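Here is a short report on one structure. It takes up the ligand site and then the sheet.

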Amino acid sequence: MIPITVCNHKGGTGKTTTTLMVSAALGLSGRRVLAVDLDPQGFLSRLTGTGEPPAERSSHAIFDDGVDFDRTSIVPLPAFDLLPSSSRLSSAIRRLNRPVDVLWVREFSARHLADYDFVLYDTAAAVTVYSLNALVASRMVVIPVLPEYQPVVGAEQTWQTAATVRKRLNPDLQEAVFLLTMVDGRKKEHRAFGHYLRERYGDSVMPSVVRTSASLAATRQDGLTAFDYDPRGRGAVDYANVVDGLLRRVERSIPAEASVES
Ligand SMILES: Nc1ncnc2c1ncn2[C@@H]1O[C@H](COP(=O)(O)OP(=O)(O)O)[C@@H](O)[C@H]1O
Ligand SMILES: [Mg+2]
């Protein structure tokens, strides 16, 4: 099982869209994929039309010792499975304040999710106990970044957070990779920030970028993605390339587990 955290401390940079499209692409290529919505606002759950389940049937159950996790809480979507979020995650933050509270996701995934090929964690736009839990449980981190000032600052802070988690809590975590999203090649600012990130972080910036695309901005609620309703559009093509790149990285860094047939 290869766990991947999708995070950027800044909002609106394409985290949820990336989680959705990468999960779908991996699922459509025959991998068993689970997306876990760790954002208390639950946009991934909404975007897939899943809605909000009772807290004990949501990702909140991961952080609740009193709940016996019921696997039927996992929602099967056309291309991948989803563990939806609950707004209860917001209030639960207050009690998750012990140092060991960063270990819930790691323990839960070892116990319940070992039969998935990939588990993707979608996180909220802040450093919370949930994003730390995801990083502590992950092998890879993808930082979607819109090439503009604030998202780039957020992305660099996220990079630092991931490096700290690797050093202190999770030596299995690979160096984070930046994914440029919502790129508009006509904008000077986008070219400049793209150039800045590549100069500074080299190989850690994915070669493929995700351009702005109407099919990615569309909100559907049927669990389908741009791969289904606009497979030749930019959104599907760009994310297919991104997933090829991610799989190559997995093969380089985690060879034994990457040999899933596509
Ligand atoms: N490549 C893209 N082109 C156009 N719109 C996009 C693209 N990626 C995401 N969006 C839209 O931008 C908004 C923010 O994206 P989202 O994935 O929700 O970001 P985050 O999860 O980081 O807050 C959403 O309305 C989404 O539909
Ligand atoms: Mg989001």
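How many Å separate an oxygen atom of ligand 1 from an N or O atom in the side chain of Thr 17? The separation is 2.6 Å. This value, like the others here, comes from a predicted model.

**Ligand site**

| Residue | Protein atom | Distance to a ligand 1 oxygen |
|---|---|---|
| Thr 17 | side-chain N or O | 2.6 Å |
| Gly 12 | backbone N or O | 2.8 Å |
| Leu 216 | backbone N or O | 3.3 Å |

On its own, ligand 1 has 560 Å² of accessible area, and the protein covers 75% of it. The space that ligand 1 takes is the largest pocket.

The shell around ligand 1 has 14 residues. Gly 12, Lys 15, Thr 16, Thr 17 and Ser 213 come nearest. By class, the shell holds eight polar, four nonpolar and two charged residues. Helices α1 (15–28) and α8 (214–217) each supply at least two of the shell residues. The largest share, three residues, comes from α1.

**Sheet**

Seven strands form an open sheet with mixed pairing, in the order β3-β4-β2-β5-β1-β6-β7. Strands β3 (75–76) and β7 (177–180) stand at the edges; each has a single partner strand, so one side of each lacks a neighbour in the sheet.

Strand β1 (residues 2–6) pairs with β5 (residues 118–122) in the parallel sense, over five bridges. Within this pairing, Ile 2 has Phe 118 of β5 as its bridge partner.

Note on methods. Residues are numbered from 1 along each chain as its sequence is written. Chains are lettered from A and ligands numbered from 1 in the order in which they are written. This is a predicted model: local features need pLDDT of at least 70, side-chain atom pairs count only at pLDDT 80 or more; totals for chains, interfaces and linings use all residues. Side-chain values use heavy atoms; hydrogens and water are left out. Two strands pair if DSSP finds at least two bridges between them. Helices (H or I, at least four residues) and strands (E, at least two) are DSSP runs, numbered from the N terminus. A residue is near a molecule or strand if one of its heavy atoms lies within 4 Å of it. A polar contact is a pair of N or O atoms within 3.5 Å; within protein, one must be able to donate a hydrogen and the other to accept it, and residues adjacent in sequence count only if both atoms are side-chain atoms. Accessible areas come from the Shrake-Rupley method with a 1.4 Å probe; for residues, only the protein chains shown count as cover. On a 1 Å grid over the protein atoms alone, a cavity is a set of points where a 1.4 Å probe fits but cannot get out, and a pocket is an open set with protein on both sides within 12 Å along at least five of seven lines; lining residues have an atom within 4 Å of a point. A molecule sits in a cavity or pocket if more than half of its atoms lie within 2 Å of its grid points. Ala, Val, Leu, Ile, Met, Phe, Trp, Tyr, Cys and Pro count as nonpolar, Asp, Glu, Lys and Arg as charged, and the others, Gly among them, as polar.
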